[in-house]
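I opened the notebook today to look up charge pairs and helix packing. Here is what I wrote down, entry by entry.

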Amino acid sequence: MTSIKEQAAISRLLSFLQEWDNAGKVARNHILNNFIQTNQGKTSPELEQEFSQGASLFLVRLITCLRITYMTGSCLEKLLKSIGIFLSAVGSNRYLIEFLEVGGVLTLLEILGLEKIKEEDKKESIKLLQLIANSGRKYKELICESYGVRSIAEFLAISKSEETQEEVQVLLDSLVHGNPKYQNQVYKGLIALLPCASPKAQQLSLQTLKTAQSIIGTTHPSIVDCVLKVLGTMHLEVQYEAIELIKDLVNYDVRQSLLRGLVALLIPSVKEMSKLQPKILTDSPILQLTTHLPVFLQQAAAAKTIGVLARRDLSTAEEMLHMRVVHSLMAAMGNTDHSNSQRLASLTLEIHGEDLYMKIDSIQADILTANEVNVAKVLELYGVANSSSSVVLDPGDLNQMTYITHFAEAKAQEDEEAESKE
């Protein structure tokens, strides 16, 4: 038989549950507020003591209420926080199973895709998914099997709150760790995020990709094109993360395609530039520059990245020399429409880049753009192809601008010698 004390506790529990069952929206909101304030941080045994060993009876009511009302957003944030108290409690495995058995993961993922739900409510949903993912490998697999990676990634791309986006990053980082069955799925989802319109989402995806890449150990072919396109961003924090990822990617099997892609960005394709030719006579200079800007930003960022890679590793510098990187950098220096491209290309070539671009006139710019410098050919001719060369050019005591015609003269002399031999 139960003691009087136990009977009183059971009576209080039944009274509380009845109050919840009969309460309207306002009353339930008040009950949830009190529950959150008094039970935050409690362990599973403490919750059971609070509810006279019947905590699961209240949890079931919370879950039922969530499943019925989540599409309307009624008390949603408080409901999720209350469920979170159960799921985060030490020794809460039983509560977690009860939540998952009734489709808790699917409900949380559906919340992320509902337009009418507030951002704060969605953030609480992400926090619950974090708790589930951190409970073990099989729970990470459950989230992924529920098409969770796609839902989470899409939410990251459209979220307007940087704080919420950072919570999403924590969740994606958790899903890529200790989840061998689906880590590639997370990896591909992160790559798919790179073209999105949110700079914060791009930045966080690049950071997480850097971690994911080291865990997975192999690359997906699409990563090269996606990362190179990100270099067209106006946001320096995104560009920084892209360069950091590129520094890692050159150690994988995409090294050659990545380096060739960077060199190619230094000279925008005719197709890219010709798109705007018909507008030259009708559009204002400002509009023309704005339309060209992503291509020019890529060009400048590529010049910067090449400099970073060359200074880190001479063998990388030598590889790019054989890809005619000097020719392409000099062509970038001739882009008078984008001074940052000129400056960064000069810095990579190490020829007084900070102020040189301001002294280049139109003739010199044309010479740079049309240059036919081929350092790789020179290296082969003089038998130094295997030397520890770098992208660095040293004009010595030449005037800052003399080098522009110096290579042209050397090329002409080489052609004359070739003709005389014939």
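**Entry 1: terms.** Before anything else, I noted that helices here are DSSP runs of H or I with at least four residues, numbered from the N terminus. I also reminded myself that this is a predicted model.

Entry 2: I then checked how open each partner is. Arg-137 is partly exposed at 47% relative accessible area, while Glu-141 has 14% relative accessibility and counts as buried.

**Entry 3: another pair with that spacing.** I looked next at helix H14 (residues 222-230), which holds Asp-225 and Lys-229, 4 residues apart, or about one turn of the helix. These two side chains also form a salt bridge, with N to O at 3.2 Å. Asp-225 is partly exposed, with a relative accessible area of 42%. Lys-229 comes out as exposed at 55%, because the cut-off for exposed is over 50%.

Entry 4: How many salt bridges does the structure hold? I found 16 of them. One joins Glu-48 to Arg-94, and the closest N and O atoms are 2.4 Å apart. Glu-48 sits in helix H3 (residues 44-50) and Arg-94 in helix H6 (residues 93-101), so this pair ties together parts that are 46 residues apart in sequence. Is Glu-48 buried or exposed? Its relative accessibility is 6%, so Glu-48 counts as buried. Arg-94, at 44% relative accessible area, is partly exposed.

**Entry 5: a network.** I also found Glu-120, Lys-123 and Glu-163 linked in a network of salt bridges.

**Entry 6: H8 and H11.** From the network I moved on to helix packing. The axes of helix H8 (residues 119-133) and helix H11 (residues 162-176) come within 9 Å and cross at roughly 20°. The two helices are therefore roughly parallel to each other, and their crossing is left-handed. On the H8 side the contact includes Lys-123, Ile-126 and Leu-129, and on the H11 side it includes Glu-163, Val-170 and Leu-171. Sorting the residues of this contact gave me 7 nonpolar, 3 polar and 5 charged.

**Entry 7: H10 and H12.** For helix H10 (residues 148-158) and helix H12 (residues 183-193), the axes come within 10 Å and cross at roughly 25°. That makes H10 roughly parallel to H12, and I noted the crossing as right-handed. H10 brings Val-149, Ala-153, Leu-156 and Ala-157 to the contact, and H12 brings Gln-185, Val-186, Gly-189 and Leu-193. Which kinds of residue make up the contact of H10 with H12? I wrote down 6 nonpolar, 2 polar and no charged.

**Entry 8: H1 and H4.** My last stop was helix H1 (residues 4-22) with helix H4 (residues 55-69), whose axes come within 11 Å and cross at roughly 10°. H1 and H4 are therefore roughly parallel to each other. Leu-13, Phe-16, Leu-17, Trp-20 and Asp-21 in H1 meet Leu-57, Phe-58, Arg-61, Leu-62 and Cys-65 in H4. The residues of this contact divide into 8 nonpolar, no polar and 2 charged.

Technical notes:
Residues numbered from 1 in each chain as written. Predicted model: local features only at pLDDT ≥ 70, side-chain atom pairs only at ≥ 80, totals over all residues. Heavy atoms only, no water. Salt bridge = Lys/Arg side-chain N within 4 Å of Asp/Glu carboxyl O. Buried < 20%, exposed > 50% of the residue type's maximum accessible area, 1.4 Å probe, protein only. Axes fitted to C-alpha atoms, helices over the stretch in contact; angles between N-to-C directions. Parallel < 35°, antiparallel > 145°, perpendicular 65-115°, else oblique. Left-handed = near helix turned anticlockwise from the far one by under 90°. Contact = heavy atoms within 4.5 Å. Nonpolar A, V, L, I, M, F, W, Y, C, P; charged D, E, K, R; others polar.
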